[in-house]
Number of protein chains: 2
Amino acid sequence: MSGSEVVATYLVESYLPLADAAEVIAGEQSTGTFVAVARETAELRSQFAARVLSVEELPPTGHGDLPGVIRPPGARRSSGRVRIAFGVQNFGPSLPNLLAAVAGNLFELRQLAGIRLLDLELPSEFAARYPGPRFGVSGTRDLMGRPDGVLLGTIVKPSIGLPVEELRLVVRELAEAGIDFIKDDELVGNPPHSRLADRVAVVIEELDKVAARTGRRPMYAFNITDDLDRMAANHDLVRAAGGSCVMACVNLVGLAGLAWLRERCDLPIHGHRAMTGVFTRAHGLGIDFVAWSKLARLAGADHLHTNGLSNKFYETDDEVLRSITAVRQPLFGGYQTLPVLSSGQWAGLAPQTYRRTGTTDLLVLAGGGIHGHPDGSGAGVTAMRTAWRCAVEGGDLDAWAQAEPALRRAIETFGAGRG
Amino acid sequence: MSGSEVVATYLVESYLPLADAAEVIAGEQSTGTFVAVARETAELRSQFAARVLSVEELPPTGHGDLPGVIRPPGARRSSGRVRIAFGVQNFGPSLPNLLAAVAGNLFELRQLAGIRLLDLELPSEFAARYPGPRFGVSGTRDLMGRPDGVLLGTIVKPSIGLPVEELRLVVRELAEAGIDFIKDDELVGNPPHSRLADRVAVVIEELDKVAARTGRRPMYAFNITDDLDRMAANHDLVRAAGGSCVMACVNLVGLAGLAWLRERCDLPIHGHRAMTGVFTRAHGLGIDFVAWSKLARLAGADHLHTNGLSNKFYETDDEVLRSITAVRQPLFGGYQTLPVLSSGQWAGLAPQTYRRTGTTDLLVLAGGGIHGHPDGSGAGVTAMRTAWRCAVEGGDLDAWAQAEPALRRAIETFGAGRG
């Protein structure tokens, strides 16, 4: 093979020797077919075949077998990390065509008892083709007027059904509380009871009013997820009204849909991860968040949901930390994406989140942790910001709580079982 | 809830009582949140909450638990079929916004040991919004000039790396052999070594030449999968050159990308299923082909890959038959999509395929079974067409093979272990 390559890393599990299983993947996903065909010359293979770079056996995973696996009597099951190189010439620097090679039919191969795409190394042709996030961390900070410190946000609740005039009150309260960021729930797109145009009108009006009084204007991520032409029109509506962020559910509009949006988008794209679990949660099957997030960043996500520590969903803290690290890792030496920590977040999680991530370049979203604060959203925001200052300065949270009633009350309310 | 509803059917596995697990899903995917929030009134819930319609316990599945599941000591694991109704008013008739509700965060819920979307019932609002397949079975037959009988096709092999001038020879041979349909491999989009424009030029020239001699012009599905604007341009290129079909990898351009293509596409869309395994293959997690294929048809797929009987991939014949049935089932009383049977197909599979599907409204693709016929592709096509005539007339394949050398040779070559 000549020229640039994409290197895909897989977890491969098989009853074949791992090297053979790796060759099956490389063959299926490039020049191979199951019977000899005319014109598949040695020269063609040497030029276009995917190459197995390395096979590293791992200890048994304990994963169950995928259905349909070929399991010869007596064969040993092995698991390993396999790296395969694909020539960029095979597909060109195109996200959808790349996926056909590195994440296409291979999931259906009977030779595999487990198959998971762990990571992708992409050559510079992809950076030349895809501009990546336009705003990233620094652009988002600029728009929020928050040059340092953690970025605090929340999700409008209830998830669905809130009348637009009540949304106005929620936004007013949150904006006055000094929050940096508010977002629509991913369940609210452009439904009849809460038209995007109506939401945009009241939200922007409220943000402007609060900004006139306080000098601070939170970023609001309007969920523009929809069929693509409508999504683009939704974006235009938000931009024309003076909005500063749009939210797209990456999997629901597709990576190609996100890249398409990026080309016509003038605002930061808040990338929601709804539906990610369908390809991340199985043992031994799927696409790891690390690989997926790289593709989403390539496609233009300025913010990307990673979940937060102690979240209510299935991932462990170690997995969440791995996701945060992956999103923060420089891509092509430049692409910046802001990790979004959400689900079950509240003030008390600040010390361990800061200790384990080592950064305040995080957008931490608290739903209940802010809306549910007994003294109101304003106190919820104050509690979180105090806790993050304490975390960064290396203070003792309980000591700081003595000096800040909002934090003390947050700990009393949400801190059961903390430790 | 008032108005139309979408009904989603799930396989749910949990250590909670199934009814409770079902309520967690309904709550998470509509009005619910994990702490009480202001403004989540009883009235709001009664109007917007998703409703659990039925919970049907099933025998133990033997599936392993999904990671992160909550498993209280001593709790019984149960599995069941759960139907949940979502008001269309919650999201409007929009494919991406529908997915947020029926296939969003729920895959990450810790209350679930298994969660799989099995099927969707969609109300007529979706038919009003999405025109569905433009050509379907009858439109495809018209364009192929093949009003009845099975439709026979093949995939250009080698998968990748074939020089365009060799593609010319392959197409000439296949077209002269009387095949109905030829397609690009899903791995070949628009790579530098085989530009789509170049492929279109030589393929159309060859098809026209053969049509002038024989009166028959096979349909050729050019793989136009790419970033969306390029995909649209690829379609325009194919159409302008006189092509009669385009292929799109549904998962790689996304359902929203497919629906977007449908709006600007004048040719049948051959829907490839690359990457489907990532959400179909796990035990107890994912989206079933039945539900996914409905969405792909809604988005406009005229043809949809189901795999074929005895295929080389992981699915059983029963699963493949269920997929074929699902694709053929009328949607909104009209949408027609042609099932595409591929992988390991050859003449000898005709009798059982016909017996078990009961139809010739199938596009059967044979790669090796045609290219690999010892007497050439023409003999491969003749063998398959003869076998299908035999199947429809209820004949004995071996007897028919005595009268047709191409079929006899196919059985000798590919029939090892047949029975």
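Modeller: Let's start with B:Asp180 and B:Arg146: both are buried, where buried means under 20% relative accessible area, exposed means over 50%, and partly exposed is in between (1.4 Å probe, protein chains only). Their side chains meet in a salt bridge, at 2.7 Å from N to O. The rule for a salt bridge is a side-chain nitrogen of Lys or Arg within 4 Å of a carboxyl oxygen of Asp or Glu. B:Asp180 sits in the loop between α6 (164-176) and β6 (181-183) of chain B, while B:Arg146 is in the loop between α5 (136-144) and β5 (151-155) of chain B, so the bridge ties together parts 34 residues apart in sequence. Those element names come from DSSP runs, numbered from the N terminus: helices are H or I with at least four residues, strands are E with at least two.

Before we go on, some ground rules. This is a predicted model, so local features need pLDDT of at least 70 and side-chain atom pairs count only at pLDDT 80 or more, while totals for chains, interfaces and linings use all residues. Side-chain values use heavy atoms, leaving out hydrogens and water, residues are numbered from 1 along each chain as its sequence is written, and chains are lettered from A and ligands numbered from 1 in the order in which they are written.

Now for another bridge in chain B: the side chains of B:Arg239 and B:Asp266 meet at 2.3 Å, N to O. This pair also links distant parts of the chain, with B:Arg239 in helix α8 (residues 228-240) and B:Asp266 in the loop between α9 (250-263) and β9 (269-272), 27 residues apart. Here B:Arg239 is partly exposed at 37% relative accessible area, and B:Asp266 is partly exposed too, at 35%.

Over in chain A, A:Asp266 has a salt bridge with A:Arg134, the closest N and O atoms being 3.2 Å apart. A:Arg134 lies in the loop between α4 (124-129) and α5 (136-144) of chain A and A:Asp266 in the loop between α9 (250-263) and β9 (269-272), 132 residues apart. With relative accessible areas of 41% for A:Arg134 and 34% for A:Asp266, each counts as partly exposed. Over all chains, the search finds 74 salt bridges.

Some bridges cross between the chains: the count between chain B and chain A is ten. One example joins A:Lys312 and B:Glu28, 3.3 Å from N to O. In this interface, 91 residues of chain B are in contact (heavy atoms within 4.5 Å) with 91 residues of chain A. About 7700 Å² is buried between the two, with carbon and sulfur atoms giving 58% of that; buried area is the accessible area (1.4 Å probe) that two parts lose on being put together, summed over both. B:Arg39, B:Glu108 and B:Arg281 lose the most area in chain B to chain A, together 11% of what that side buries.

Lastly, the cysteines: there are zero disulfides over all chains, a disulfide being a pair of cysteine sulfur atoms within 2.5 Å. The sulfur of A:Cys249 is 12 Å from the closest cysteine sulfur, in A:Cys245, which is too far for a bond. A:Cys265 is in no disulfide either, its nearest cysteine sulfur, that of A:Cys245, being 8.5 Å away. A:Cys249 is buried at 0% relative accessibility, and A:Cys265 is buried at 2%.
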